[in-house]
Amino acid sequence: MSESVLVFIALNAIFAYSFYAVLVAGQLSLGQAGFGALGGFTAAALAPAPSDIGDVPALVIAIVIGMVVGALAAVVLGLPTMHLRGVFLAIATLGFAEAVRILLINAEWTGGANGMSVPKIVTPWMAWLCLALVTYWFWRQGPSSYGRALAAIREDELAARAMGVDVGRHRLSAFVTAGAVAGLYGVLWAYYVRLLAPEDFAFSTAIDGLVMAVVGGSTVWVGPLLGGAFMTSVPEVLRAVGVEAGWIRPFISSALLLVVIIFLPGGLASLLPRRRLRVPAGETDVHLSASESGRTLPAPGETIVRVSGGTKDYGGVHAVRGVDLTVAAGEVVGLIGPNGAGKTTLVNMISGLVPPSSGTFEVLGTTPGRTPVHKVAQAGVSRTFQHSKLFPRLSALENVLVGAHVVSRPTFLRRLLWLPGARRDEARAAAHAARCLARVGLGDRASEDAGSLSYGDQRRLEIARALAAEPSLLVLDEPAAGMNHVEADALSELIGSLAAEGLTILLIEHNVGMVMKTCDRIVVLNFGQVIATGTPDEVIANPAVVEAYLGGDEATPGSTTEEAR
Ligand SMILES: Nc1ncnc2c1ncn2[C@@H]1O[C@H](COP(=O)(O)OP(=O)(O)OP(=O)(O)O)[C@@H](O)[C@H]1O
C-alpha cells in the first residue's frame with residue numbers, strides 16, 4: 001500500500017469521525033467541510049514556519065489552531081442552530097459550509113481559488129497517530145455517562161429530557177467536538193497536500209465524509225475507521241487487480257456502497273460482535289435504600305405537587321380545564337377517567353413536558369412550564385410514558401443507566417485519563433441499574449436490546465429506568481396497559497412496596513381494581529375537569545364517577561373499565 005493511501009485512509013477516517021461525533025447524538029450536520037476549511041486555512045496562515053521551529057512543533061501548533069478555530073466556528077454556528085432537527089439542521093449547516101467556501105475563494109489571504117501553498121509535513125505515522133487519538137476519544141466516550149446520554153438523545157430525545165439529560169448542552173458539545181475534529185482534518189489535509197484550495201472543502205467533500213461515517217457505522221466507535229478504510233481502499237484495490245477503465249472503478253465503488261447500505265443498515269461495524277455492558281456479579285439487593293445519590297425523600301405529608309387552575313388548550317380542544325390538585329409526599333394518588341379526559345396531558349404538565357396554557361404548577365420546588373424538563377427531572381420527578389418511550393437500540397441495562405443520569409457522576413473525562421475513580425463510579429452505577437432491573441423482575445434481561453423485549457417487559461423496563469433516577473415523585477402513565485392479570489398483580493405489588501418505602505406515586509391506570517387496591521386517594525377527571533376526589537371507597541360510590549367512567553353498577557374492583565363497560 002502506498003504512502004499516500006495510508007495517509008488518506010487516516011485523514012478520511014478522521015473526517016468521518018467529525019460526522020460520527022454528531023450522528024451519535026442523532027444530528028445530521030453537513031457543516032464539517034466549513035469547519036475543516038476554516039481550521040486548515042487559519043492554521044496555515046498563522047502557524048510558524050517549520051524552518052523556524054521544526055516540523056513537528058509547527059504541525060502541533062497548527063493542529064491546536066485548527067482545532068480551536070473549528071470548535072469556535074461550531075459554537076458560533078451551533079448556538080443559533082441547535083434547536084433545528086434533521087434535514088433543517090443539515091441545510092443550515094450546509095449553507096454555512098458553502099458560505100465559508102465562497103468567502104475563502106474571495107479572500108486575498110487564502111490565495112483565492114488558486115489556493116495557498118503549505119509545507120508538506122504530515123507523514124503516515126503522524127496521520128495515524130492523530131487518527132489513533134481521535135479513535136481513542138470516541139472509544140472512551142461511548143460507554144461513559146456522557147456517551148450514553150448522547151445515544152439516548154439519538155434514540156428518543158423527549159425521553160432523554162424526561163430522564164434529566166440537558167439535551168441542548170449535550171447536542172452543542174457534540175457539535176463542538178465535530179468542529180474540533182473537522183478542524184484537525186483540515187490542518188492535516190493542508191500540511192499533506194501542499195496546495196490548499198477552498199475547493200478541497202466543497203459540498204462533495206462533506207458528502208464523502210458523511211458516507212464514510214454511515215457506511216462504517218454511525219453508532220459504534222469503530223465505524224468511521226472502517227468506513228474511512230473501506231471507501232479509501234476500494235478504488236486502490238480495484239486498481240491493483242487491474243480495473244483501470246475510467247468509469248468502471250467509480251461504478252464498482254458506488255455499487256459496493258449500495259450493497260453495504262442495503263444489507264448492513266448498521267454499517268460495516270455491525271459485522272463485528274458487540275460488546276455488552278456486563279451486570280456486576282452478586283447484585284441481589286433490590287431495595288431502594290441502597291441509594292446511589294444519597295438523596296433523601298421529602299418528609300411525609302409535605303406538599304410536593306401543587307396545581308392551581310391548571311389548563312391546557314390545543315386549539316379548540318380543552319384538554320385540561322382549571323384543575324386544582326395537591327399531592328403530599330408519601331401519597332399514592334390514582335388519576336382515572338375516560339379516554340380523552342386529560343389525564344396524560346395533566347401529568348405531562350406536571351413533569352414539564354407540556355407547558356400549561358394557564359394556571360400555576362409547583363412541583364418539588366420547580367415551576368414546570370417555565371423550568372426546563374431536565375431540571376424538573378433533576379428535582380426528583382421521574383416517569384413512564386403511556387406509549388413506551390424506551391431507547392430501543394440500547395440494552396435494558398443501558399436504558400436504566402440513562403435513567404440514573406441525574407444521580408450518577410460524570411465519568412467521560414476521567415475515563416479518558418483512565419482514572420480508577422471512573423471505573424469505580426461506573427461499577428457502582430451498573431450495580432445500581434442492575435438492582436433496579438431486579439426490582440421489576442428483569443434481572444436476567446439486562447443485556448437484551450430494549451426494542452426486542454416483550455410488551456410487558458418493556459413496560460417494566462420503563463419503571464426500572466424511572467426508578468433508577470431515585471425520584472421523589474414517580475409518575476406512572478398506564479403501566480399495566482397490555483399486561484395480563486398475573487403481570488398486573490405483580491405490578492400492583494411492586495407499586496405497593498415502593499409506596500411502603502415512602503415514594504410518592506401518581507398513577508394513571510384504567511385497571512380500576514389495581515387503582516382501588518394501590519392508591520390512597522383517587523382523582524377522577526372527565527372532559528379535562530376534576531369531577532371527584534377522595535379515598536377509593538368514596539370515589540367508587542360517587543354517582544358522578546359511576547355515570548362518567550365506571551359505567552353503572554357493572555364495575556367491580558379488579559376489572560378494567562373496558563371490561564366494566
Ligand atoms: N398534542 C395534542 N394536540 C392536540 N390535542 C391533544 C394533544 N394531546 C392531547 N390532545 C387532546 O386532549 C384531550 C386529552 O387527551 P389526553 O391524552 O390527556 O387524555 P387521557 O385522559 O390521557 O386519555 P387516554 O386515557 O385515552 O390516554 C384529548 O381530546 C386529546 O385528543
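Reader: How many residues of the shell around the ligand are nonpolar, how many polar and how many charged?
Author: In this predicted model, the shell divides into four nonpolar, seven polar and one charged.

Reader: Which residues surround the ligand?
Author: The shell consists of Y314, V317, A319, G337, N339, G340, A341, G342, K343, T344, T345 and Q386. Lys belongs to the charged class, and K343 is the residue of that type in the list. Gly counts as polar, and G337, G340 and G342 are among the residues around the ligand.

Reader: What does the protein chain contain as a whole?
Author: There are 23 helices and eleven strands in the protein chain. Its C-alpha atoms fill a box of roughly 90 × 50 × 45 Å along the principal axes. The chain has 565 residues, of which 52% count as buried.

Reader: Among contacts between residues at least 6 apart in sequence, what percentage joins residues at least 24 apart?
Author: The share is 74%.

Reader: Why are α1 and α9 called roughly antiparallel?
Author: Helix α1 (residues 3-23) and helix α9 (residues 167-193) pack at an angle of about 165°. Angles over 145 degrees count as roughly antiparallel, and the pair is therefore given that name. Their axes are 7 Å apart, and the crossing is left-handed.

Reader: Which residues make the contact of α1 with α9?
Author: From α1 come V7, L11, I14, F15, Y17, S18, A21 and V22. From α9 come A174, F175, T177, A178, V181, A182, L184, Y185, L188, W189 and Y192. By class, the contact of α1 with α9 has 17 nonpolar, two polar and no charged residues.

Reader: What makes α1 roughly perpendicular to α10?
Author: Helix α1 packs against helix α10 (residues 203-216) at an angle of about 75°, with the axes 8 Å apart. The range from 65 to 115 degrees counts as roughly perpendicular, so α1 and α10 are described in that way. On the α1 side the contact is made by N12, F15, A16, S18, F19, Y20 and L23, and on the α10 side by G209, L210, M212, A213 and G216. Eight of the residues in this contact are nonpolar, four are polar and none is charged.

Reader: Why are α7 and α15 called roughly perpendicular?
Author: Helix α7 (residues 145-155) and helix α15 (residues 396-403) pack at about 105°, with their axes 10 Å apart. That angle lies in the range of 65 to 115 degrees, and the two helices are therefore roughly perpendicular. The contact consists of R148, A149 and A152 of α7 with E398, L401 and V402 of α15. It has four nonpolar, no polar and two charged residues.

Reader: How do you know that A430 is buried?
Author: A430 has 23 other C-beta atoms within 10 Å. A residue is buried with 20 or more, so A430 is placed in that class. A430 sits in helix α17 (residues 420-439).

Reader: What makes E157 partly exposed?
Author: E157 has 17 C-beta neighbours inside 10 Å. Buried requires 20 or more and exposed 12 or fewer, so E157 counts as partly exposed. E157 lies in helix α8 (residues 157-162). E157 and G86 are 71 residues apart in sequence and 12 Å apart in space, C-alpha to C-alpha.

Reader: What is the phi of E470?
Author: Phi of E470 is near 45°, a positive value in a residue other than glycine. Most residues other than glycine have a negative phi. E470 lies in the loop between α18 (455-467) and β8 (473-477).

Reader: Is E470 buried or exposed?
Author: E470 is buried, with 23 other C-beta atoms within 10 Å, against a cut-off of 20 or more.

Reader: Where does F527 lie?
Author: F527 lies in the loop between β10 (521-526) and β11 (529-534). F527 has a positive phi of about 50° although it is not a glycine. With 15 other C-beta atoms within 10 Å, F527 is partly exposed, since that class lies between the limits of 12 and 20.

Technical notes
Residues numbered from 1 in each chain as written. Predicted model: local features only at pLDDT ≥ 70, side-chain atom pairs only at ≥ 80, totals over all residues. Near = placed C-beta within 6 Å. Helix = DSSP H or I, 4+ residues; strand = E, 2+ residues; numbered from the N terminus. Contact = placed C-beta atoms within 7 Å. Axes fitted to C-alpha atoms, helices over the stretch in contact; angles between N-to-C directions. Parallel < 35°, antiparallel > 145°, perpendicular 65-115°, else oblique. Left-handed = near helix turned anticlockwise from the far one by under 90°.
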